[in-house]
Amino acid sequence: MAAVARVLIVEDDRTLAGLLEQLLTAQGLAVELAHDGQAGLHAALTRRFDVLVIDRGLPGIEGVDLVARLRSRGVAVPVLVLTARGTLRDRVEGLDAGAEDYLVKPFEVPELLARVRALLRRHADRADSLPLGRRRLDVAARRVLDDDGPADDVELTARECALLEVLAARPGRVFTRDELLDRVFDAETPGAVDTYVSYLRRKLGREAISTVHGLGYRLGST
């Protein structure tokens, strides 16, 4: 069974947020709500989503600032910004902050749904291929693809690929050993994380995964 796509809606208008939740749930999506920028930041940093729908005029952290903070923390999930402000300058600010799309209120429901579907397709495309500096991780093929050509591609085992996928999906985030153990290795011992980091470094170079002393690991430069 295919996983249900998850959407985070960050909207302080609770009536509108509830309406959006109903509309997207009826499309077969799993929806979570946050009603201010701080709650939205926490949700997006601690849970996995496929699309973020963010209102611009949020309390706590303004919507465009929220998008910029998420991008600076390595959250690459596609973002649709909702706003009552539709000037060219407002749209440019939202897009420059890292949003993929921008929809002015009031909007038509079919257009909103179409834009969310488009962002979901974009996220699915990204999930199959994650950037690794000058290389890319092809998740389905379990290969690291090199810009210099297929002769320099690197094959990975299932566990190596799963570990690298977690790190590459959030390139700016530091993961603790316990987090990686839980996401990739199920019930194995904590030493499994260090072992597979060593395997990946052997194949991709020591700089591929950075050690953050006292904290854990994050994606390095490849």
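Which strands does helix 1 (residues 14–26) lie across? Helix 1 lies across strand 1, strand 2 and strand 4 (79–83). Helix 1 runs at about 170° to strand 2.

## Basis of the model

This is a predicted model: local features need pLDDT of at least 70, side-chain atom pairs count only at pLDDT 80 or more, and totals for chains, interfaces and linings use all residues. Residues are numbered from 1 along each chain as its sequence is written, and side-chain values use heavy atoms, with hydrogens and water left out.

Helices (H or I, at least four residues) and strands (E, at least two) are DSSP runs, numbered from the N terminus. Two strands pair if DSSP finds at least two bridges between them. Axes are lines fitted to C-alpha atoms, for helices over the stretch in contact, and angles run from 0 to 180 degrees between N-to-C directions.

Five strands form an open sheet in the order 2-1-3-4-5. The pairing is parallel. Strand 2 and strand 5 are the edge strands, and each pairs on one side only. From one strand to the next, the twist averages 20°.

Strand 1 and strand 2 run parallel and are joined by five bridges. Ile 9 stands opposite Leu 33 in strand 2.

## Val 7 in strand 1

Val 7 lies in strand 1. Its relative accessible area is 0%, so Val 7 is buried. Here buried means under 20% relative accessible area, exposed over 50%, and partly exposed in between (1.4 Å probe, protein chains only).

Which residues are in contact with Val 7, leaving aside its neighbours within four places in sequence? They are Leu 24, Leu 29, Ala 30, Val 31, Glu 32, Phe 49, Val 51 and Val 53. Contact means heavy atoms within 4.5 Å. Val 7 and Asp 50 are 43 residues apart along the chain, and their C-alpha atoms are separated by 5.9 Å.

## Helix 2

Helix 2 covers residues 37–46. Its buried residues are Gly 37, Gly 40, Leu 41, Ala 43, Ala 44 and Leu 45. An α-helix has 3.6 residues a turn, so residues three or four places apart point the same way. The buried residues of helix 2 pack against strand 1 (6–10), strand 2 (30–34), strand 3 (51–55) and helix 3 (63–72).

Asp 36 caps the N-terminal end of helix 2. A side-chain oxygen of Asp 36 lies 3.0 Å from the backbone nitrogen of Gln 38.

## Glu 100

Glu 100 sits in the loop between helix 4 (88–97) and strand 5 (101–104). Is Glu 100 buried or exposed? Glu 100 counts as buried because its relative accessibility is 19%.

The side chains of Glu 100 and Arg 71 are joined by a polar contact of 2.9 Å. A polar contact is a pair of N or O atoms within 3.5 Å; within protein, one must be able to donate a hydrogen and the other to accept it, and residues adjacent in sequence count only if both atoms are side-chain atoms. The Glu 100 side chain also reaches the backbone nitrogen of Val 79, at 2.8 Å.

Four strands form an open sheet in the order 6-7-8-9, with antiparallel pairing. The edge strands are strand 6 (129–132) and strand 9 (154–155), each pairing on one side only.

Strand 6 and strand 7 are joined by four bridges. Leu 132 has Arg 135 in strand 7 as its bridge partner. These two strands form a hairpin with two residues between them. Gly 133 in the turn has a positive phi of about 65°. On strand 6, Leu 130 and Leu 132 make up the covered face, while Ser 129 and Pro 131 make up the uncovered one.

Strand 7 and strand 8 pair over four bridges. They form a hairpin with four residues between them, and Arg 142 in the turn has a positive phi of about 55°. The bridge partner of Leu 137 is Val 144 in strand 8. Strand 8 (residues 143–146) pairs with strand 9 over two bridges. Arg 143 stands opposite Glu 155 in strand 9.

Helix 6 (residues 158–169) lies across strand 6, strand 7 (135–138), strand 8 and strand 9. Helix 6 runs at about 70° to strand 6.

The axes of helix 6 and helix 8 (residues 191–204) come within 10 Å and cross at roughly 90°. Therefore helix 6 is roughly perpendicular to helix 8, a label for angles of 65 to 115 degrees. The contact of helix 6 with helix 8 has eight nonpolar, no polar and three charged residues. Ala, Val, Leu, Ile, Met, Phe, Trp, Tyr, Cys and Pro count as nonpolar, Asp, Glu, Lys and Arg as charged, and the others, Gly among them, as polar.

Definitions and conventions:
Parallel < 35°, antiparallel > 145°, perpendicular 65-115°, else oblique.
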